[in-house]
Structures are given as structure tokens and as C-alpha cells.
Amino acid sequence: MVRHFENPYEDYKAGEVNIESSSICRQIDQHVKTILTRLPPLHRHVDGGLYVGVGGVAYMFYHLAKNPLLSANKKHYVEKGIEYIKPALETTTGDKTSFLLGDAGTYAVATVLLKEKGDAEYKNTLSKYQALYRTFLNPSMLKCGSDEFFVGRAGYLAAALWLTRELQAPVFTKEELFALCDVIVESGRMYSDQHSSPSPLMYHYYNTEYLGAAHGIAAILQMLLSVPGYLESNRVAAVDIKNTVTYLAKLQTPEGNWPCCMEEISHADHKLVHWCHGAPGMVYLMAKAFLVMKDRLYLDACIKAADLVWEKGLLRKGPGICHGVAGNGYVFLLLYRLTGDVKYLYRAKVFGEFMSSELFLKEARVPDNPQTLYEGTAGAVCYLSDLLVPEKAEFPFQDVFS
């Protein structure tokens, strides 16, 4: 099965890259109208959390509201975001603790939207997010694996870092964040020892040792590297983290990809070029590692990954950010911010254009959840919005620069 379209574009040659803002704004407006019609903010659309539920659309509206070039619509976007997070808030119980699929994500997005509106109720939703903290400190909180991004500690930590930045106030004390990191590191050590892993830290999700950003070690390590001061506070953990990142960097294939999981290391071909599995998600860890540890090995891994995404990243699975064209386009926006090389802005631009091409609209598969944040057009809207301000662009909850 061919997973991607052949890239029809010539690569960047020379000269300026002009982002056609009026065309992008028209695409955004068109997608938003479709989302409002086909995925209204109803209780029956709550399941799936930020990933494929209405909570993710609420995040999209917040993302649009924060874009300075779309400020004329800011009030409207905030109001719509609150409309979309409301049914999710009304169904929270505090028991579904996960970030992308459960209550933690709902509370986080509700908090920033309410704060943006000037509604003091944001303090209540923030308190509910914070109240989940002790659950995540439990080393074995989930039998399926307690550390990954969707349901585990890495996602909860990502939300804490994001909330701290958006609210411009700490959500937890430094000591509380470090304690969460310590649990993650110890969990990875224990699992690695018990399973004789070649990596100092290793994790599982439903007994599979995933490497990618969705359920794997990449996002876990990225969040550990993102907590300010943690590596300095725990030197022993810092050694294990650095050695694990280096181990992963050396698993990159000559083509530029990574295996989906440890069980596939010996396979000759690694076909998935997605944020969730493969180079487009691993690149965030490598970029963060380069920024923190200044080792050229990690930057070279990013550049190699970006070249692979240029070649094989126009996915047939749709426009989404998890396993679609927008998610792969974000690799170029990341590399543009990381290197300043306008070649990556050009590549990001043409990936955006491809999503409205006749070929893509005719032949790309329709995702299971076509209007959602991670699988569908809500994620594509975030990407198009970021094309307008590439110097501030970031994949949702994966910022490596703060």
C-alpha cells in the first residue's frame, strides 16, 4: 500500500518565500465554517477528548485567538472556544485523568479560554486540573503504561508547561514538577532493568515499547528536557536522559526515519512517516535535545528527518496533525525556527498548499473523525494559522523553544 503521494513540488532553490496570507485566511474561514456545521459543540461529540472530541476544536479556536494577524476575530474565537469546551466540561468526572483523551486536557483548555475571556471561573478549572496531580505521582497509576503522552505523565506534564506559559504564572512549584519527573525517570529505569533494555530508560504502552511521540519514549523524554532546571537538580537522571536520547538518535535509519517500536529495530523498512510514529514526531525530541545539550548529533538528526518528510510526508491519510499532511508540515516550521533556513519555510508553505490541491481533495482518504484536532481539519487550521506567523509556529503542546 502506498502511504503517501509522490511529492510534485520542486525543492527550494533561492529567493524570498512569500506567504499568501489572504489565501490562507480564506482556507481557515472555509474550514472553520465546515467544522461549525459538521461537528457542533454537543455532548455526543465529547468522547475522544482533545484528540478527536470537541475539546480539540476548542483548542483550535484558542490557537486562532492567539494569532496576532487574526486579532480582528479574537473575541469571536474565544467565545466559540468556550462554546466547544462547555459540553466537555459538563461531562468531566475527575476520574478520566488523561491529557489528550480525558479530563486533564479539558480542564487545561477551559482554563486558558476562560482566562482569555476575563472570566474568574478559570481559577476553578485550574484547581481541578491541579487536583489530578497526586494521581500522576502514583508510580503504577495505569496498568497499560503510566508515562506516555496520551494518558500518562508526559501528557500531564506537557499541559502543566503549556498552562504555565499561557497563564504566565506557575501551575506547580519547581519541587512538584521535579517530583513528577523523578517518578517518570524511575519508572523508565525499572522497566529497562526488568526487560534488559539496551537503553538506560525505556517505557511501554500496552506492553509495546513504542519510540514515537504519541505513545512512546520520544514525548516522554521531550517533556523531561522541557522542565526548567530539572537536569541540573538531578544529575544522575540527566545522565540517563542524555544517554537515552543519544541511543535513540543512533536508531535513525539511513533514510532518516525511526522504527515504530523496539520490536521493529531489526526490520529493513520503516514505512510510517507520521507524528505519532516515525520521524515527524521524533524530531521534536531531537530539536529539544539540541537546544538543551548543544550536541550537533541531534541537529543532524532533525535535518535528516526533515529531508525524509519532504520526500514521503504528503500522506494519503488526510490533513490531520497526528498522521496527516499538516502534522508533517509542522516539521518544516520547527526546522525553520530552529535553523532560520528559509528552505524550510518554503517546504512548509507548499505542504499547506497541497492540502487544497485538486489531487489531495480528490484522492486523500477521509479520516475517521474528519473535523477534529489530531485527525482532521481542526489541526490543519492550526497549521495554516501558524503559516501566517512562522516565527511563532508550534505543533499543539509540543513547543520546544520555551
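The structure holds 18 salt bridges, a salt bridge being a side-chain nitrogen of Lys or Arg within 4 Å of a carboxyl oxygen of Asp or Glu. The model is predicted, and local features need pLDDT of at least 70, side-chain atom pairs count only at pLDDT 80 or more, and totals for chains, interfaces and linings use all residues. Residues are numbered from 1 along each chain as its sequence is written, and side-chain values use heavy atoms, with hydrogens and water left out.

One of the salt bridges joins the side chains of Asp11 and Arg347, at 2.7 Å from N to O. This pair links distant parts of the chain, with Asp11 in the segment before helix 1 and Arg347 in helix 16, 336 residues apart. Helices here are DSSP runs (H or I, at least four residues), numbered from the N terminus. Asp11 is partly exposed at 25% relative accessibility, whereas Arg347 is buried at 3%; buried means under 20% relative accessible area, exposed over 50% and partly exposed in between, with a 1.4 Å probe and protein chains only.

A further salt bridge connects Arg165 and Asp399, with 3.0 Å from N to O. Because Arg165 lies in helix 8 and Asp399 in the segment after helix 18 (377-388), the pair ties together parts that are 234 residues apart in sequence. Arg165 is partly exposed, at 30% relative accessibility, while Asp399 has a relative accessible area of 14% and is buried. Both residues belong to a network of salt bridges that links Lys66, Lys74, Glu116, Arg165, Glu166, Glu394 and Asp399.

The salt bridge between Glu83 and Lys80, at 3.4 Å from N to O, lies within helix 4 (residues 74-90), where the two residues are three residues apart and separated by about one helical turn. An α-helix has 3.6 residues a turn, so residues three or four places apart point the same way. Glu83 is partly exposed, with a relative accessible area of 37%.

Aromatic rings were examined next. Rings of Phe, Tyr and Trp (its six-membered ring) pair if their centres lie within 6.5 Å, and planes under 30 degrees apart count as stacked, over 60 as edge-to-face and the rest as tilted. By this rule the count comes to 33 aromatic pairs. Among them is the tilted pair of Tyr12 and Tyr346, with 5.9 Å centre to centre and 50° between the planes. Tyr12 is in the segment before helix 1 (21-38) and Tyr346 in helix 16 (residues 342-354), so this pair ties together parts that are 334 residues apart in sequence. Tyr12 and Tyr346 are both buried. The rings of Tyr62 and Trp162 form an edge-to-face pair, because their planes stand at 85°, with the centres 5.9 Å apart. Here too distant parts of the chain are linked: Tyr62 is in helix 3 (residues 54-65) and Trp162 in helix 8 (residues 153-167), 100 residues apart. Tyr62 is buried at 3% relative accessibility, and Trp162 is buried with a relative accessible area of 5%.

Charged groups also lie over rings. A charge sits over a ring if NZ of Lys or CZ of Arg is within 6 Å of the ring centre and within 35 degrees of the ring normal. The charged end of Lys115 sits over the ring of Tyr122, 5.6 Å from its centre, and Arg316 lies over the face of Phe5, at 4.2 Å from the ring centre.

Helix 13 (279-293) has 15 residues and reaches 20 Å from its first C-alpha to its last, close to the 21 Å expected at 1.5 Å a residue; the expected span is 1.5 Å times one less than the number of residues. Helix 13 is mostly covered, with twelve of its 15 residues buried. These buried residues pack against helix 10 (217-226), helix 12, helix 14 and helix 15, where contact means heavy atoms within 4.5 Å. After helix 13 comes Lys294, whose phi is positive, near 60°.

Helix 14 (residues 296-312) has 17 residues and reaches 24 Å from its first C-alpha to its last, close to the 24 Å expected. Its buried residues include Tyr298, Leu299, Cys302 and Trp310. The buried residues of helix 14 pack against helix 12 (235-249), helix 13, helix 15 (325-339) and helix 16.
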